[in-house]
Structure formats: C-alpha cells, structure tokens
Amino acid sequence: MVLVLALGDLHIPHRASDLPPKFKSMLVPGKIQHIICTGNLSIKEVHDYLKTVCPDLHIARGEYDEEIRYPETKTLTIGQFKLGVCHGHQVIPWGDLDSLAMLQRQLDVDILVTGHTHQFTAYKHEAGVVINPGSATGSYSSITYDVNPSFVLMDIDGLRVVVYVYELIDGEVKVDKIDFKKTTGSNT
Amino acid sequence: MMISNGIEDEEKWLAEGIAGIQHNAFYLHRALDSNNLREALKYSALLLSELRTSRLSPHKYYELYMRAFDELRRLEMFFKDENRHGCSVVDLYELVQHAGNILPRLYLLCTVGSVYIKSKEAPAKDVLKDLVEMCRGVQHPVRGLFLRSYLAQISRDELPDIASEYEGEGDTFMDAVEFVLQNFAEMNKLWVRMQHQGPLREREKLDKERNELRDLVGKNLHVLSQIEGVDLEIYRDTVLPRVLEQVVNCKDELAQYYLMDCIIQVFPDEYHLQTLETLLGACPQLQSAVDIKTVLSRLMERLSNYAASSPEVLPEFLQVEAFTKLSNAIGKVIEAQVDMPIVGAITLYVSLLTFTLHVHPDRLDYVDQVLGACVKKLSGKAKLEDSRVTKQVVALLSAPLDKYNDIVTALTLSNYPRVMDHLDAATNKVMAMVIIQSIMKNNTCVSTSDKVEVLFELIKGLIKDIEGTSTDELDEEDFKEEQNSVARLMHMLYNDDPEEMLKIINTVWKHIMAGGPKRLPFTVPPLVFSALKLVRRLQVQDGDVAGEEVPATPKKIFQLLNQIIEALSVVPSPELALRLYLQCAEAANDCDLEPVAYEFFTQAFVLYEEEVADSKAQVTAIHLIIGTLQRMNVFGIENRDTLTHKATGYSAKLLKKPDQCRAVYACSHLFWVDDQDGTKDGERVLLCLKRSLRIANAAQQMVNVTRGSSGPVTLFVEILNKYLYFFEKGSPQITGAAIQGLIELIKTEMQSDSTTSNPASDAFFASTLRYIRFQKQKGGAMGEKYDPIKL
C-alpha cells in the first residue's frame with residue numbers, strides 16, 4: 001500500500017491565504033509516501049511546507065509559480081503504475097478530456113494528474129485515468145464557478161489504485177472513492 | 001588581604017562563641033538536672049553573654065543565636081515546672097532581672113514572660129507590654145533585632161486572639177495587634193539604623209547584611225495577617241495606617257521597598273482592593289530611589305490573578321474604582337519621579353494594561369486610556385531608539401491583540417495608532433507583522449472600509465516607504481516574507497455587501513498604489529482577484545435595481561481593474577500583467593461585455609508584442625492567449641477574427657520550430673468550439689493543421705541539415721492526434737484518407753535509415769494506433785467512422 005497525495009492550484013498568496021485548517025490537520029508528516037503537485041503553489045513557502053509533509057515531492061510548473069525551473073511535465077513510476085503530471089494550461093482546450101488523453105498517450109502513463117481548471121475530475125478512458133485534484137484552497141478560477149477546496153489521495157496496491165477525493169463542502173470534509181484496476185501487462 | 005583576614009577572624013570568633021555557649025551549657029544542664037535554680041540562672045546568663053558580641057555579621061550571629069535558643073527552650077521547660085525549682089513565676093519574673101548585663105537579662109525575662117503568660121497569673125497584654133518596652137534597652141541593631149525576634153517567636157502562641165485561651169477580660173486581640181505593631185516599629189527602627197553605621201565604602205557589604213535580616217522584620221507583618229481578630233475593618237483602620245506610617249517615616253529605601261512588597265504579598269487581595277487608596281497614597285511619599293514600579297507591578301499582578309481566579313469579585317473592582325485609582329497613582333508616581341527613565345514609565349503602563357485586560361476586558365475605554373497616557377508620555381520625544389523601550393511598547397501593543405484575539409477590537413482603540421507612530425520604522429514593521437499574524441491566526445475578517453483604512457494606516461510601514469527608510473536596505477528574503485504576508489492579509493478583507501466590498505477594494509488600492517515598483521508585484525494580484533470575485537458575485541446576482549445609481553457594477557470594477565493592472569508597468573511586470581489582463585478578459589466575457597473583453601485582449605497582445613521577449617515566456621504566454629480566446633463566446637465575428645488572426649500569426653512566429661508547430665495546431669481549436677452556438681469552421685481547422693504539418697516538415701529538414709539525421713517524429717504523431725480529434729468531432733474536412741496518409745507518412749519516417757529511433761515517439765505512435773484500434777472495435781457510429789482507416 002503506497003499513499004500518493006495529489007494536489008495543486010493553491011495560488012497562495014495571490015488567490016488564497018492558506019490551506020483550509022481542516023486539510024492542514026489531515027496532512028500529517030510521515031503518512032504519505034509521495035506527493036504529486038499540479039503546480040501554481042505559487043511561492044517557496046508552500047513548497048517548503050509540502051516538503052515537510054513528504055520529502056518525495058514532484059511538481060509541474062503552473063503559469064503563476066514563482067519557481068520557473070519546475071518542469072512542464074514529469075513522469076514517475078510507483079509500484080506497477082506509471083504516473084505523469086502536467087499543470088494543464090498547456091493543453092488546449094483547457095479541461096478537454098480528449099486533448100488530455102492525447103497528452104496521456106504521449107507521456108505513456110497509466111495515470112495522468114493535471115490541474116488548471118480547479119475542478120475535481122477522475123476519468124477513465126482508453127489510455128488510462130486522468131485525475132484532476134482541483135484546487136486545494138478552493139481558489140478563484142475563471143473556468144470553474146463555486147470551487148470547493150479539494151485534494152486527492154491515491155492508494156496504490158499492486159494493479160489496483162483507489163482514488164480518494166477529499167472535498168471541503170460547507171465547512172465539512174466529504175470523502176468519496178473510486179476504484180481503478182489496471183490490466184496486467186504494460187500498454188504497448 | 002583585609003577582607004580575607006576579616007572572614008577568617010569571623011570564623012574564629014564564631015567558633016569561640018559556640019565554644020563558650022557549649023561550655024556554659026554543660027554546667028547549665030547539670031544545674032537543671034539537679035533542679036538548682038540559682039546555678040541554672042548563673043550559667044544561662046553566662047551562656048547568653050556570648051550574644052553580646054558585636055564582631056559577627058548577621059549570618060554568623062544567627063548561628064550563635066540558634067544555639068542559645070535551643071538552650072533557652074530547656075530552661076523554659078524548667079521554669080514552667082514550679083515543682084522543680086519551687087519559685088513562683090511572679091518571683092521568677094523578678095529574680096531574673098538581677099542578671100548583670102542587660103542582654104542576658106532581657107532574654108531571660110522574655111523566657112520567663114512566656115511562662116508567665118501561660119500560667120495566666122497575669123493578663124497577657126500586661127506581660128507583653130512590659131516586655132516590648134523593656135527590650136528598648138538594647139539599641140544595637142543586630143543584637144536588638146535578634147532579641148525582639150526571640151520575643152516575637154516565643155510569644156507567638158500566646159497572643160490573645162479571638163477564641164484563644166488567652167483572650168479574656170480586657171485581653172483582646174487588639175492588644176495582640178498593639179503588641180505586634182510596637183515590636184514591628186521598634187525592629188524597623190533598629191534595622192534602618194544599621195544603614196548609618198558603617199563607612200560609605202562598605203555600602204555593598206552593608207546592603208547584604210541588611211538583606212539578611214529583613215525577614216526578621218517582615219515576620220511581624222506575617223503574624224499580623226494571621227491574627228484572626230484582624231478583619232478588613234481592623235486592617236483598614238488600624239493595621240495598615242500604622243504600618244504605612246512606619247514605612248513612610250523611616251525614610252529608608254531598602255526598608256520601604258521590602259516592606260511595601262511584604263504588605264502586598266502577606267495580606268489578602270481582598271483587603272488590598274478595599275484599601276487601594278490608602279496603599280497607593282503612600283507611594284508618592286516614598287524615597288525616590290525606591291523601585292516603586294516593581295511594587296506597583298506586583299500589586300497589579302496580584303489583583304489580576306485575584307480577578308482571574310474569582311470572577312465573582314469583579315463587581316467589587318468596579319465599585320472601588322480600582323482602575324481609576326491605580327491609573328492616578330501611576331500618574332502621580334511618574335510625575336513625582338522626574339528622573340524616571342521612559343522605559344520605567346512604559347513598563348508601568350504595560351502592567352496597568354495587563355491588569356485592565358484581565359479585570360475589565362470589556363472596558364475598551366480604560367484600555368484606550370492607558371494607551372493615551374503612553375502617548376502623552378512619549379510625545380515630544382524623538383522616535384524611540386532605545387531597544388528596551390521599544391520592546392516594552394511592542395509588549396504594550398501586543399497585549400490587546402492577544403487578549404481580544406480580534407484585531408477589529410484593537411482597531412477601535414483611538415490611541416493605538418498614535419502609540420505605533422512613536423515606534424521607529426523597523427519596530428513599526430515588526431509590530432505590523434505581529435498584527436497581520438494575529439489576524440491570520442484568528443481567521444479574523446475585517447469587514448468595513450473604515451476598519452480597513454485604520455488597519456492599513458497601522459501597517460503602513462509594510463505598505464510603503466515611510467520617511468527615512470528605503471526598500472534597498474532590506475534583506476530580500478525578509479522583504480518577500482513581509483509582502484507575501486500583506487498579500488495573504490488581503491483575503492481577510494471581505495464583506496458580503498457588494499457596495500461595501502467595492503469600498504474596501506478602493507481603500508486597499510489607495511494604500512498599495514504608493515507602494516512602489518518593488519511591492520506592486522506582490523500586492524496587485526491579490527487585489528485583482530478580490531475584485532474579480534466581486535464581479536462574479538454581481539454577475540450571479542439578479543438584475544439591476546431599476547432607476548438606482550448603483551456604484552458597484554462589473555463595468556466600474558473593470559475600469560478600476562484596468563487602472564490597477566496598468567500600475568504594473570512601472571515595475572515592469574509584463575508577464576504577470578498579461579496573465580491578469582487575460583483573467584479580466586474572461587470575466588468580462590462572462591458578463592457579456594464585449595468591448596471591455598476586447599480591450600483587455602488588446603492590452604494582453606500589446607504586452608506580448610512589446611514586452612515579452614524571452615522565448616520560453618513567449619511560448620507560455622501565447623498558449624495562455626490561445627486558451628483564453630478559445631473560451632470566448634462574447635465576440636462578434638469581426639473582433640473574433642482580428643484576435644484569432646493575431647494569435648495564429650504570433651504562434652507561427654515563435655522562435656523554435658517545434659514551438660511554432662504546437663502553437664499553430666493549438667490555434668486549430670479557435671475555430672471549433674464544442675457547445676451549441678460555437679464556431680465550427682472545419683476549413684480553418686484544416687488550414688491550421690496543414691500549416692502545423694508544414695512547420696513540422698520544415699523542422700525535420702532542419703534537423704537533417706544541421707545534424708545529419710532526422711529528428712523524432714513526435715510532432716507528426718501529435719498532429720495525427722489532432723486530426724483524430726477533429727475527425728471524431730465530425731469535421732467534414734478531416735477525412736479518413738488524410739488520416740491514412742498521415743499514418744503512412746509517420747511509418748515511412750520511422751522506418752527511414754536516417755531517422756534516429758526515439759523510444760518516446762515510438763511509444764506515442766504505438767499508443768495512438770492502439771487508440772484507433774480501440775475506436776474501431778467500439779462498433780456503432782464510431783466504429784463505422786473509423787472503418788476506412790486501415791492499420
């Protein structure tokens with residue numbers, strides 16, 4: 001069982017002052033093995049904070065990130081899964097699943113983590129799964145109205161990944177889960 | 001040399017004294033064992049003579065005294081048992097007065113006196129009075145203090161208190177009080193007299209010796225507090241006035257400081273509350289060297305704790321007007337002690353403020369009053385430079401924040417900003433950060449433009465360069481932290497009412513616009529997003545209020561936004577400004593304001609043309625422009641055409657060919673919008689795709705020429721994927737044949753000798769083909785569509 005935290009689009013301090021306290025109290029150091037971040041933190045303090053939650057931190061560059069050296073895309077392997085991350089402002093039309101599927105084929109990953117729309121989605125298509133963890137601070141987006149703060153926790157176990165989505169709705173944390181199974185053998 | 005000799009000598013004398021006592025004690029014990037009164041008296045007198053020495057320091061004298069004390073206990077037991085010595089206590093009382101020297105005589109007298117009182121053959125008060133007066137015979141400070149201390153010790157259990165066995169006709173607790181007060185007064189006099197004994201150069205040694213003896217004097221106050229008959233009335237009318245009289249009249253700073261503190265610590269807080277005026281009235285009468293502020297601070301601390309532990313007494317505080325009395329007393333002390341340094345005065349006010357916050361937290365007028373007194377004290381002086389003073393002022397300003405957990409309350413204190421004005425620039429910023437952190441920690445919302453105005457005045461050190469400072473002197477990390485804090489703060493300024501919210505935004509803008517080029521990149525974005533959130537709120541609300549002039553409309557806010565973003569040109573921050581303009585364009589689109597949206601796009605393009613020079617930045621910028629434009633539905637045909645034409649043009653002019661290729665095929669989406677009213681111009685889509693194909697070809701050839709081999713076929717695969725996208729959407733211009741052709745092209749390229757194999761593009765092509773197969777196998781309409789494509 002490997003826990004992977006996926007979050008992004010915090011937009012601190014331009015659009016939000018901090019993570020919601022209820023989220024902060026859940027992100028306890030030492031419980032998570034990897035963090036995948038879709039970008040737009042956007043300042044170093046947020047980077048440093050995420051590092052304390054888990055030192056294995058993978059970030060893709062968002063268009064507001066202070067650190068310009070984050071990569072445009074990144075891929076990594078965790079257990080039996082290949083994961084990729086890209087902020088998403090590069091994939092036009094924004095939020096379009098078919099265009100994201102193309103990126104997924106290009107990166108050749110089972111799970112593509114992407115952001116920019118501030119809207120949580122978890123979508124299975126031919127090439128794999130696209131997950132958008134939304135905005136961890138619920139910050140303003142020109143694309144999505146009424147953004148609720150959200151993040152995703154993936155539990156990778158063998159060929160199975162359970163995706164837990166945590167959403168802060170009216171002050172309460174609501175959890176939902178989706179199961180994905182990978183068929184044996186890599187995608188040729 | 002002298003001093004070490006002195007210590008050695010003292011040790012010697014002490015040893016001699018102890019030996020003397022032991023020697024006579026031996027014979028004393030023998031006398032006691034044989035019930036020989038005469039002998040007993042003789043040897044105890046000899047023993048007590050050792051206490052006549054003046055060569056010992058108080059510390060050493062005490063050791064001698066304790067040994068004598070032990071022997072006197074045995075003697076007392078002997079005296080008590082008349083059967084053993086056959087002498088009545090009355091006679092005994094007379095007999096011991098024949099002892100040769102006065103000191104032994106008095107020790108023996110006190111010892112007998114104790115027995116006398118216990119025998120009840122005379123009223124306790126008579127014996128006590130006699131003894132306390134007789135002790136006047138010893139005027140040497142150290143000897144007299146120990147003698148009287150002995151008297152106090154042995155009489156302790158025989159004081160005629162309420163319900164004590166020694167209470168009787170004419171014998172009341174008032175007599176006990178009188179006795180103790182007199183003993184106390186005499187002891188204090190002796191103690192003070194020590195001050196004038198030694199030569200001036202031995203001042204330090206003298207102070208040390210005096211301090212060693214102070215508890216002997218203070219013990220009397222303790223005894224007074226234990227007398228049951230002493231209730232509030234007696235304390236107020238008799239005890240306190242007499243004690244204070246002694247304290248004030250002795251005019252000795254060491255005694256005054258110790259005794260004032262003793263009074264405060266020993267007697268109940270309830271008494272202090274009710275005698276506040278008397279107690280405080282003594283303060284200005286004390287010697288100017290007395291550290292009265294510590295005394296007052298401790299008093300206020302005790303009273304604060306009293307209030308905290310027993311909330312039911314709070315009304316009493318109000319009733320006795322504790323705050324007013326303390327406040328006046330402090331004022332008088334500060335006035336009287338002209339030489340008191342500022343740090344002393346401010347420390348006093350900090351104590352008073354702490355007291356007020358504990359006892360009267362709801363009385364903001366009191367809190368403001370204390371701050372006002374500080375302002376008065378600080379005014380007329382230059383900006384504070386002494387770090388101890390600034391530390392105290394910061395403590396003063398932080399106390400209300402900590403107490404109220406709510407900056408809004410502190411903002412209503414009219415003197416709060418005035419105190420802050422007296423801080424030097426650096427401390428002002430420290431305090432400003434404290435204020436911001438308090439707001440963030442408590443999640444406080446500042447909800448009116450008036451409060452925001454006061455707040456931003458308070459933190460102005462962070463907002464702009466105030467006189468005498470410049471941002472150049474600052475450490476970059478610190479500066480960033482400061483400005484990011486200000487940015488975070490802006491999200492705590494909020495009101496549900498759009499009119500008020502707009503006022504807040506205008507107030508903030510007014511303050512931050514003067515921040516200068518270093519600050520604007522930090523402060524402008526959060527303000528812009530606050531404004532955009534307001535626009536969205538208004539947009540979602542139901543229609544206009546007919547006929548009313550409504551200040552808060554999206555249009556007005558967009559005008560303000562234009563101004564705000566334009567300010568970034570002085571930094572200059574073209575990339576940031578471009579992003580913000582695009583955000584505004586989208587918001588204007590959602591409000592159906594075509595000209596406003598167009599204007600924002602124009603601004604973005606101008607920045608792109610003139611200011612964004614870095615090639616990597618250009619790639620990101622053009623994608624943002626394309627992505628935003630793709631979502632616009634407010635533009636009419638003309639405007640849309642102009643903008644898409646520009647976007648496509650710039651895409652093709654990017655520096656690197658692969659970037660050009662990708663930007664151009666991204667533009668294809670500008671001509672195909674999936675919702676029902678959206679453009680679906682298949683021809684122009686195809687034109688874009690073909691153009692990007694041409695660019696990809698050219699890129700391949702370039703690589704061929706420069707490196708002697710073909711580059712990866714990735715670009716072609718990407719374009720293929722785009723063809724599939726529009727093919728599936730049903731664009732008639734994208735035919736199965738075209739796709740087939742592209743597939744063959746890629747295969748050929750990949751198999752060609754000159755192509756370097758690239759696993760990534762191989763995998764990409766493979767997964768694309770796999771996708772096509774998948775779609776074919778779907779069957780139904782999609783399967784049919786894909787049927788002509790052969791793999």
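Predicted model: local features only at pLDDT ≥ 70, side-chain atom pairs only at ≥ 80, totals over all residues.
## Chain A

Chain A contains three helices and eleven strands, and these elements follow one another along the sequence in the pattern β-α-β-α-β-β-β-α-β-β-β-β-β-β. The C-alpha trace of chain A spans about 45 × 35 × 30 Å along its principal axes. The radius of gyration of chain A is 15 Å, which agrees with the value near 16 Å that a compact globule of 188 residues would have.

Of the 188 residues in chain A, 61% are buried. Among the contacts in chain A with a separation of 6 or more, 53% are made by residues 24 or more positions apart.

## Chain B

Chain B has 39 helices and zero strands. Its C-alpha trace extends over about 140 × 70 × 55 Å along the principal axes, and chain B has a radius of gyration of 47 Å, whereas a compact globule of 791 residues would have one near 28 Å.

Buried residues account for 53% of the 791 residues of chain B. For contacts in chain B with a separation of 6 or more, residues 24 or more positions apart contribute 72%. The accessible surface of chain B amounts to about 35700 Å², with 50% of it belonging to carbon and sulfur atoms.

## The largest pocket

The largest pocket holds about 1200 Å³ of space. It is lined by 35 residues, of which A:Arg15, A:Thr137, A:Gly138, B:His491 and B:Lys533 are the closest to its centre. By residue class, the lining of the largest pocket divides into 18 nonpolar, ten polar and seven charged residues.

Helix H1 (21-26) of chain A and helix H28 (520-540) of chain B each supply at least two residues of this lining. The largest share, six residues, comes from H28(B).

## A buried serine in chain B

B:Ser731 is found in the loop that lies between helix H36 (714-729) and helix H37 (736-751) of chain B. The relative accessible area of B:Ser731 is 2%, which is under the 20% cut-off, and the residue therefore counts as buried. When residues up to four places away in sequence are left out, B:Ser731 touches B:Trp672, B:Gly682 and B:Phe726.

Methods
Residues numbered from 1 in each chain as written. Chains lettered and ligands numbered in written order. Heavy atoms only, no water. 1 Å grid on protein atoms, 1.4 Å probe; cavity = no way out; pocket = protein on both sides within 12 Å on 5 of 7 lines; lining within 4 Å. Points joined across faces, edges and corners; volume = space filled by probe spheres on them. Helix = DSSP H or I, 4+ residues; strand = E, 2+ residues; numbered from the N terminus. Nonpolar A, V, L, I, M, F, W, Y, C, P; charged D, E, K, R; others polar. Rg over C-alpha atoms; globule rule 2.2 N^0.38 Å. Buried < 20%, exposed > 50% of the residue type's maximum accessible area, 1.4 Å probe, protein only. Contact = heavy atoms within 4.5 Å. Areas by Shrake-Rupley, 256 points an atom, 1.4 Å probe, with all protein chains shown as cover.
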